[in-house]
Structure formats: structure tokens, C-alpha cells
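This report goes through one structure by topic, from single residues to the whole chain. Please keep the sequence and the coordinates at hand while reading.

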Amino acid sequence: MKKKYFQIFIFLFIIFQGFSQQNIPTYNYTDCEFNAIGHRGYSDIYPENTLLSIEEAFKRGVRYCEIDVNVTSNDVYVLYHDQPTIYRASSGNGYIVSSTYEELLELDFGSWKGSQFKGTKIATLEEALLLAEKYDAHLYLDTKKFDVELMGKALAKTKVNPNRLLSAIANLEEAKEYKKYCPDSPFVYFGGLPEDPSDDSFYKELVDHGCMFFETYYTFALDDSNEDFKMFLKKVHEHNAKVWVFTSNDLDEIAKIKSRGIDGVESDVATSAMKALCNNQELKITPNKFTTGNWTF
């Protein structure tokens, strides 16, 4: 009799396991040609630029997270947006650049977003790189201080795949400096449209130095009469690179951006955008009132 009950238990267990696994979302969008880039991680729900925010985005299939980085007084790359003050998103009133990393560790970088995040610590670039490696994902650095030597040291110390790191680059001179210390890391051109959008040399020189993405303002993509942007998009694609824009939290707007042939958009609601645009899910999302966006600061 005991054997019979045991066999029934095993049978039910196998059925339950199969049912459970079928209902666990994989959040795998590798076949999707569009990317929603997590703006400061999953910053609609979680405290921006923290390991929690970044990991939650990666867990949900976001492949790229845009993070803001600055350098402490003792030369540690940490994740934080505002400069020079830190009062908005921490329990402190000082400055990143005049604080040591150890001093910043004493502060709370989560409670401002919600009491459930109390005790969240400031993150380092090295910690974020290790998360990107864990999830086979990538970090896009918005550098408040552009220090390519520290970037190179972070890659060397963590020993992650160099393509985990993509820095924002404003011009060819920065690209050349970047490649000295991060020779195997790609980068993102971040800025406005070139003076002459039809000038092939602008794109070729950047791509030859490792540019994979050209990012500019999302309003350009929404303006169907902007012929300069259309040429920019055409030329970037001709040079085998991709176009990203920043930043939108409106799913209908993001769908329109995608329909214009754009390859990616930064968003605080990147996880929802991927579901909507890659899985064709009908979603109505209203961003959290604490959401941050580049269009305001």
C-alpha cells in the first residue's frame, strides 16, 4: 500500500512540476529585433542605478541597462545620476566627487523610493559588470566623469567579457582615448545629429573605432518630417550599426518609434515595453510617480 501511495505521489509531483515550469515566464527576447534599454535599470519600480534595479531588469529579459557613473574622491566608479548633490536619491547631503566610497557605503540609497528598499547600498561599476556577466547582458555607461583608465581597470579586475561595457562617447577624440584602455569594448555615440547627416565619414570613423549604436533624441524619431533624422537612420544602418533614442515611458509612443525603424529606446518601463513590442501583449502602463526621466533632468 505504501508503495502505491508513493507512486501516486511521484506521479502528481511530476505533473505539478511540468505545470509549474510551463507557467514560469522565460522573458527571453533574443529573437526580437528591438531593444528597450533599461533607463537606470528597472527604475520605474526599483531605486535607480542600484544593483537591485539592474538585476530585476536583466531577470525580465532586458539586455541593456543604461546606468549613470561618477567617480568618488578615492577613485571608485559608483552608480549615481545627480551631480553634484546626492540628497534626492540617498540619505546623504554631500557629493559623490568629494566622498570616499567607504563614506557612501554608510548611506541609504533605497528608502527614497520606498520603505521596502531601506538599506540599499550604492553600487560600484565592478559589481554591475559582474551582474551583466551573470545574465549575459550589457551596461551602457552615461559617464558623469569620463575616466577610461578606471573603466579599463574595472574590466581587468572583474575579468568579464569586455563587451559587457559600452560607454557613451561624444566624439572621435573620446573614442580614440576609450580604445586605449578598453580596446575590446564597443561604445555608443551619444549626441545630436551630425552637421551633415549624409557624410559617410562621420559614421565610418566611429564604427571603425568600435561604435555599435548611435543614440539621439526620441523626439527626432517621432517627427515624420525630420529629413535629417531619416538620413541619419539610413546612414547608420548602411554602416551596420543601430540607432537608439532616449527616453520614452509611453508604450504607444515606443511602438511608434519602433515602427519608424529605430532599433531601441531607453525607458524606465523597459520590461513592459519588451513584453508589449516583442510578445504583442496588450498593456496599459502608467509610470510610477517617482519615475525619473531624461526629459526632466
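Lys258 is a residue of helix α10. In this predicted model, Lys258 has a relative accessibility of 33%, so it counts as partly exposed. Apart from neighbours within four places in sequence, Lys258 has contacts with Phe34 and Leu277. Leu222 is 36 residues away from Lys258 along the chain, and the C-alpha atoms of the two are separated by 10.0 Å.

Asp228 belongs to helix α9. Its relative accessible area is 45%, and Asp228 is therefore partly exposed. When neighbours within four places in sequence are left aside, Asp228 is in contact with Leu193 and Pro197. Pro194 lies 34 residues from Asp228 in sequence, with a C-alpha to C-alpha separation of 9.0 Å.

## Positive phi at two asparagines

Asn49 has a phi near 55°, which is a positive value in a residue other than glycine. The residue is placed in the loop between β1 (35-39) and α2 (51-59). Is Asn49 buried or exposed? Asn49 has a relative accessible area of 3%, and the cut-off for buried is under 20%, so Asn49 is buried.

Asn240 is not a glycine either, and its phi is positive at about 60°. This residue is found in the loop between α9 (227-238) and β8. With a relative accessible area of 74%, Asn240 is exposed, because the cut-off for exposed is over 50%.

## Cis peptide bonds

Gln83 and Pro84 are joined by a cis peptide bond with omega near 5°. Pro84 is part of the loop between β3 (77-79) and α3 (101-105).

The peptide bond between Phe246 and Thr247 is also cis, and here omega is about -15°. Thr247 is located in the loop between β8 (242-246) and α10 (251-259). Helix α10 is the helix that holds Lys258.

## Aromatic pairs

How many aromatic pairs does the structure hold? The count is 21. In one of these pairs, the ring centres of Tyr42 and Tyr46 are 5.3 Å apart and the planes meet at 55°, so the pair is tilted. Tyr42 and Tyr46 are both buried. Tyr178 and Phe187 make an edge-to-face pair, with 5.9 Å from centre to centre and 85° between the planes. Tyr178 is buried, as is Phe187.

A cluster is linked by ring pairs among Tyr189, Phe190, Phe202, Tyr203, Phe214, Tyr217, Phe220, Phe229, Phe232 and Phe246. Phe246, a member of this cluster, is also the residue joined to Thr247 by a cis bond.

## A charge over a ring, and a cavity

Arg88 places its charged end over the ring of Trp112, at 5.5 Å from the ring centre. Trp112 is also one of the residues that line the largest cavity.

How many cavities of 30 Å³ or more does a search of the whole structure find? The search finds one. The volume of the largest cavity is about 50 Å³. Its lining consists of Glu48, Asn49, Thr50, Leu79, Tyr80, Ala89, Phe109, Trp112 and Ile122.

## The whole chain

The protein contains eleven helices and nine strands. It has 297 residues, and 50% of them count as buried. The accessible surface amounts to about 14900 Å². Carbon and sulfur atoms account for 52% of that surface.

Contacts can also be sorted by separation along the sequence. Of the contacts between residues at least 6 apart in sequence, 64% join residues at least 24 apart.

Terms used:
Residues are numbered from 1 along each chain as its sequence is written. This is a predicted model: local features need pLDDT of at least 70, side-chain atom pairs count only at pLDDT 80 or more; totals for chains, interfaces and linings use all residues. Side-chain values use heavy atoms; hydrogens and water are left out. Rings of Phe, Tyr and Trp (its six-membered ring) pair if their centres lie within 6.5 Å; planes under 30 degrees apart count as stacked, over 60 as edge-to-face and the rest as tilted. Buried means under 20% relative accessible area, exposed over 50%, partly exposed in between (1.4 Å probe, protein chains only). A charge sits over a ring if NZ of Lys or CZ of Arg is within 6 Å of the ring centre and within 35 degrees of the ring normal. Helices (H or I, at least four residues) and strands (E, at least two) are DSSP runs, numbered from the N terminus. Contact means heavy atoms within 4.5 Å. Accessible areas come from the Shrake-Rupley method with a 1.4 Å probe; for residues, only the protein chains shown count as cover. On a 1 Å grid over the protein atoms alone, a cavity is a set of points where a 1.4 Å probe fits but cannot get out, and a pocket is an open set with protein on both sides within 12 Å along at least five of seven lines; lining residues have an atom within 4 Å of a point. Grid points are joined across faces, edges and corners, and a volume is the space filled by probe spheres set on the points.
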